[in-house]
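Trainee: Hi, I've just opened this one and could use a guide. Can we go through it together?
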Amino acid sequence: WRGIPADPPAVYRDPGGDAALERDHFLGQGIIHTKGQRIIIALVLAIALGAWLYFLLIRSVNFNEAWLARCAEKMLNGDSPSSLFYDPNLPLSIFCEMIPAFLMKFLGVSPLAALPFYSLCLVGLSIIAVRFILKIYNFVPPPEQLVLLLAYLLANTVIAGKYFGERDQIVVLGLFPFVLVQIGITLEKEALSAGTRWAVLLLGGTAILVKPHYGIIPVIFLFHRCIRRKNLSVIRDDDFIALAALVIAYTMAVMLFFPVFITDIFMDSFRLYATQVFIPPWQEAFKITAVTIFIAICAVGFNFPLPWISRFLGACGLLCLIPYIAQAKGWGYHLVPAKVFLFSAFSLILWELLKKTGGSRKTKLIAASVLLAIATYIVEPLDFAAPTHQTYENYELTKLASEGGKNCSFFMFDSMREVQSVATYAR
């Protein structure tokens, strides 16, 4: 935290860089300097995202997302969460899938199209928000902004991989711009308009409440601001007010409209589900922490300057391991927020390394995009052995379920994946 500047300069100058790229960020000039750069970087992104998009289009529907969308669809029918559907998660987990449920119910859109389309829209909105915040708050120079945005995009697509669209990804799509605005408030930067700031805080805060475990991260930054200011004036800040208002409103909504969650579902969830540990999370959390600390030690040992924003994002990534451990399930999609933050921090470290090499900054931007694209597939290789749409469409149980299960009194499955996926493809 000591590295956070009191007031980052409006004009960033690199004596060893291309003078044409030294510009006043508030003038709104572009990040990418030449048309050739745009074409090459766009081509690199097209190749990197093309393989992932092909994987997204052929893989079977995300069974958790499909189940929650189906619950939302039943809620649109007026069904009660204690009668015709039952989910142990907080009601917001269902409400966050209300848009694809609406498309499925009233417009007849297939869940195979509605669910990934909805998730892609959320990623796009989050990237636009992050881009706008970085531009207005001027945390880093324009080249670093591009590198960070590329990393954020690749982390939320390729690295999310088979967990694309999971609730933990929805959380980080709101959490990432939320904490950026928090740092802007801490640095007392007023460039962001009140309307934009409140939109990010309210939407981001709502995303955090999908899994309230992640609320520990913005709360820690509120405590940091109290220490920095040496008073309690934080209670008048927009981020504190937004979080407090959302928590109160959410609690009252659950008590008024979903009392069954408090009286029945919550206790059942705690007794039958929350206490179960499927895969011990400590090992994965330790590996990620060890690698992060190793990189930091190497940087210090070689006297390598780490930008304050990379240290901040790295700290957010490590803090995201707390909810991962708290959920005590060890499932891969619980690590998506940590991976998004840590990969974003890594991108800025990579840029600092490239700055020490020869060549123009234009060439370094292209090199950064190529290296980031390669790194994403190293971190999260595509699992083409995973079930595809065709796998479930040709599944004998899917055919039997689509016929109404004639000549069978009941089905028995060994996991939720089978139940939810078969139900989706048997519609």
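Trainee: Which residues of helix 6 and helix 15 meet?
Mentor: In this predicted model, Pro143, Glu144, Val147, Leu148, Ala151, Tyr152, Ala155, Asn156 and Ile159 of helix 6 meet Lys339, Val340, Phe343, Ser344, Ser347, Leu348, Trp351, Glu352 and Lys355 of helix 15. Contact means heavy atoms within 4.5 Å. Helices (H or I, at least four residues) and strands (E, at least two) are DSSP runs, numbered from the N terminus.

Trainee: And by class, what does the contact of helix 6 with helix 15 have?
Mentor: There are 11 nonpolar, 3 polar and 4 charged residues in the contact of helix 6 with helix 15. Ala, Val, Leu, Ile, Met, Phe, Trp, Tyr, Cys and Pro count as nonpolar, Asp, Glu, Lys and Arg as charged, and the others, Gly among them, as polar.

Trainee: At what angle do helix 6 and helix 15 pack?
Mentor: About 140 degrees, with the axes of helix 6 (residues 142-159) and helix 15 (residues 336-355) 9 Å apart. Axes are lines fitted to C-alpha atoms, for helices over the stretch in contact, and angles run from 0 to 180 degrees between N-to-C directions. Helix 6 is therefore oblique to helix 15. Angles under 35 degrees count as roughly parallel, over 145 as roughly antiparallel, 65 to 115 as roughly perpendicular and the rest as oblique.

Trainee: Is Val340 buried or exposed?
Mentor: Val340, in helix 15, is buried, with a relative accessible area of 0%. Buried means under 20% relative accessible area, exposed over 50%, partly exposed in between (1.4 Å probe, protein chains only).

Trainee: What does Val340 touch?
Mentor: Not counting residues up to four places away in sequence, Val340 touches Tyr152, Ala155, Asn156, Val172 and Phe176. Phe176 is 164 residues from Val340 along the chain, yet their C-alpha atoms are separated by 8.8 Å.

Trainee: New topic: how do helix 7 and helix 8 cross?
Mentor: The axes of helix 7 and helix 8 (residues 194-210) cross at roughly 140 degrees and come within 7 Å. That makes helix 7 oblique to helix 8. Among the residues making this contact are Gly174 and Phe178 of helix 7 and Leu201 and Gly204 of helix 8. The contact of helix 7 with helix 8 divides into 12 nonpolar, 3 polar and 2 charged residues.

Trainee: Where does Phe261 lie, by the way?
Mentor: Phe261 lies in helix 11 (residues 259-274) and counts as buried at 7% relative accessibility. Beyond four places in sequence, Phe261 touches Pro88, Asn89, Leu90, Pro91, Val254 and Phe266. From C-alpha to C-alpha, Phe261 and Pro88 are 8.5 Å apart in space and 173 residues apart in sequence.

Trainee: How many helices and strands are in the protein?
Mentor: The protein has 19 helices and 0 strands. Of its 427 residues, 49% are buried.

Trainee: What does the protein average in pLDDT?
Mentor: It averages 84, and 87% of the residues score at least 70. pLDDT is the predictor's confidence in each residue, from 0 to 100. Among the elements, helix 7 (residues 167-186) has the highest mean pLDDT (96) and helix 19 (residues 416-425) the lowest (75). Over residues 1-30, pLDDT stays under 50. Where pLDDT is low, the predicted coordinates should not be read in detail.

Terms used: Residues numbered from 1 in each chain as written. Predicted model: local features only at pLDDT ≥ 70, side-chain atom pairs only at ≥ 80, totals over all residues. Heavy atoms only, no water.
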